[in-house]
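Me: I would like to work through this protein by question and answer. Please show the sequence and the model before we start.

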Amino acid sequence: MSAIKDFFKKKKTDAKFKMAGSGQKLGDTSSSNQAAAAAAAAAARQSKAAERQHPSSSAQQAGAAALNRLQEKQNKESEMQKNRQKAFIKEQARRELEKEQQINQQVEKYREVYGDREVEVKEGPGQLATSGVFFKCPLIGDQVYPRDEMKVKIKEFLYSQLETERGLTAVLIIHTCNS
């Protein structure tokens, strides 16, 4: 297989060298004349490329058919994407309806088991032993105080301790009294 590849590679390079024309010597003065001729040939090729002919009617029809095929392909892709989105939305709605049905079934089961009973209202004692939340701190004393009074007692305690331990008490005052 590589022998065939080498053969075609060799033919390609030979063809390229033949297209390049005859070689030239560095010391030759006629090389400038050849360069001018090569430039003129290149200009002639460009002028031929510049004169573009209008395509024939069959070529125009083939081009129009190709454009139609491309447009149909794009339309099919956009339709396919829209269909996917619709299918996704339908699937999501179906799942939500299934969940709703499961919840309704569970509610029905509970109603069958427990029935539609009235809520029983039980009365408790009107006056409890205490009302509110109370706090107690062993450093302040054995008394129980509501929140606001406990804050005042803590401040008083911390300020009274300020004379014995200044650093620790100052930090505790900042930490507890800044809230």
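Me: Which does arginine 95 count as: buried, partly exposed or exposed?
Reply: This is a predicted model: local features need pLDDT of at least 70, side-chain atom pairs count only at pLDDT 80 or more, and totals for chains, interfaces and linings use all residues. Residues are numbered from 1 along each chain as its sequence is written, while side-chain values use heavy atoms, with hydrogens and water left out. Buried means under 20% relative accessible area, exposed means over 50%, and partly exposed lies in between (1.4 Å probe, protein chains only). At 40% relative accessibility, arginine 95 counts as partly exposed.

Me: With which residue does arginine 95 form a salt bridge?
Reply: A salt bridge needs a side-chain nitrogen of Lys or Arg within 4 Å of a carboxyl oxygen of Asp or Glu. The closest N and O atoms are 3.8 Å apart, and the partner is glutamate 91.

Me: How far apart are N and O in the salt bridge of glutamate 98 and arginine 94?
Reply: An α-helix has 3.6 residues a turn, so residues three or four places apart point the same way. Glutamate 98 and arginine 94 are 4 residues apart in helix α3, so about one helical turn separates them. Glutamate 98 is partly exposed at 37% relative accessibility, and arginine 94 is partly exposed at 38%. Their N to O distance is 2.4 Å.

Me: Which residues do salt bridges that share partners join into one network?
Reply: Glutamate 108 forms a salt bridge with arginine 111, with the closest N and O atoms 3.6 Å apart. These two residues lie in helix α3, 3 residues apart. The residues joined into one network are Glu91, Arg94, Arg95 and Glu98.

Me: What pattern does the protein follow along the sequence?
Reply: Helices (H or I, at least four residues) and strands (E, at least two) are DSSP runs, numbered from the N terminus. The protein has 5 helices and 2 strands. Read along the sequence, the pattern is α-α-α-β-β-α-α.

Me: Which kind of aromatic pair do phenylalanine 7 and phenylalanine 8 make?
Reply: A search of the whole structure finds 1 aromatic pair. The ring centres of phenylalanine 7 and phenylalanine 8 are 5.5 Å apart and their planes meet at 70 degrees. Rings of Phe, Tyr and Trp (its six-membered ring) pair if their centres lie within 6.5 Å; planes under 30 degrees apart count as stacked, over 60 as edge-to-face and the rest as tilted. The pair is therefore edge-to-face.

Me: Which residues does threonine 169 touch, not counting residues up to four places away in sequence?
Reply: Threonine 169 is found in helix α5 (residues 166-177). With a relative accessibility of 5%, threonine 169 counts as buried. Contact means heavy atoms within 4.5 Å. By that rule threonine 169 touches Leu158, Gln161 and Leu162.
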